[in-house]
Amino acid sequence: MKADPAGVLTGAHYLDGDFACGEGAMAAGCRFVAGYPITPSTEVVERIARRFPYMGGVFIQMEDELASMAAVVGASWTGTKSMTVTSGPGFSLMMENIGLAAMMETPCVVVNVQRGGPSTGLPTMTGQADMMQARWGSHGDYEIIALSPQSPQEAFDLTIQAFNLSELYRVPVLLMMDECVGHMTEKVVIPPAEQIEVVPRRLTSRPPEDYWPYRLNGQCIPEFARAGDGYRFHSTGLTHDERGYPVMSAACQDQCVRRLVSKIRDNADQIVRFEEEQTDGADVVVVTYGITARVARMGIELARKQGVKVGVLRLIVVWPFPERRVRELAGKIGAFVVPEINLGQMVLEVERCAAGKAATVPVPHAGGSVHDPRDICEAILRAAK
């Protein structure tokens, strides 16, 4: 369906990534946000809180990030598109309820504007060290989807995509922004509402007496019933059957958790998204994401001037990881170079998928600033030898 015009501020704007993310959420149909102010993500909810009254949305400042994530899960079960926003320490506090959302198959979006860590770290400075936490932060086996914008325009576009993916797969979707993109101000073009595709909540057509909340009905994603619409059902963080009732057995655990994982893994080819440039005939491919993708371009151009054939694989959807494409490239090139603002996270995924067919060269950075492009160029030159 098309976007609700009430949430779409059509036109060309000069916005930072945080504001653009807020506009993307409203354009996607988000009408409930719960959050707790934390640098450098606060501006997202500042924008939303200012504009929500004009479209019937509700923003609640909660007492902490645990409560924020719990409120988002509850609001989503009313059928409302819901979101929360945070940064490092708050992201850690949300992890238990992100796992609850995954187990209950609750569509929602979590925005993490990354900063330097660990602990309180560098509240006002950039980082990309929450990438593995995004995938593995809650306990147990589950799958999520995570996206990483490189610009304010993508912060707008990918927030809409995050909501659409959350509705399609009934899963928490994470937008892994970084402080540089969040506070970078650039031109953002917001199209008319009729040009924005949004995915509505897939509501059941079954009568209440014939509805089970986790019955598949021939699909991999169960149909949804809103709390308050006359349906009596049970949903829980415990291992459960199709009725939503707890069943404490290994057989039910296998069936329940295997489906939580397979609904994403089996559809990875439809979910994965990346940008590829000059990889045909390349000797080295730079794998990158977020603000580092933009910084790396200067290093790549410096290396190309020295005669190295360099390609780029920019991750847009980071989780699920584009395993198939990395494996294909590994058989054709000499090395991958992976710059990121952490001391080695996504580089481990590249190395795993390369499986020894191509070298993997990390370009780590502890955070607080972006890379010097010359360091990336030097890594490319080393990798090419």
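Reader: Okay, helices are DSSP runs (H or I, at least four residues), numbered from the N terminus. Which one gives the largest share of the lining of the largest pocket?

Author: That's α11, with 4 residues. This is a predicted model, where local features need pLDDT of at least 70 and side-chain atom pairs count only at pLDDT 80 or more, while totals for chains, interfaces and linings use all residues. Residues are numbered from 1 along each chain as its sequence is written, and side-chain values use heavy atoms, leaving out hydrogens and water.

Reader: What counts as a pocket?

Author: On a 1 Å grid over the protein atoms alone, a pocket is an open set of points with protein on both sides within 12 Å along at least five of seven lines; lining residues have an atom within 4 Å of a point.

Reader: How many residues line the largest one, and which lie nearest its centre?

Author: The lining has 19 residues, and Ala268, Pro320, Phe321, Pro322 and Glu323 lie nearest the centre. Two or more lining residues come from each of α5 (131-136), α9 (268-271), α11 (323-330) and α12 (346-354).

Reader: What classes are in that lining?

Author: The largest pocket's lining has 9 nonpolar residues, 10 charged ones and no polar ones.

Reader: Which domains does the lining draw on?

Author: Domain 1 (5-195) and domain 2 (276-384) each supply at least three residues to the largest pocket's lining.

Reader: New topic! Which residues line the largest cavity?

Author: Ala102, Glu105, Tyr142, Glu143, Arg170, Val171, Leu260 and Lys263 do. In a cavity, a 1.4 Å probe fits but cannot get out.

Reader: And how does that lining divide by class?

Author: The largest cavity's lining divides into 4 nonpolar and 4 charged residues, with no polar ones. Here Tyr and Ala count as nonpolar, Glu and Arg as charged, and Gly as polar.

Definitions and conventions: Domain bounds come from an automatic or database domain assignment.
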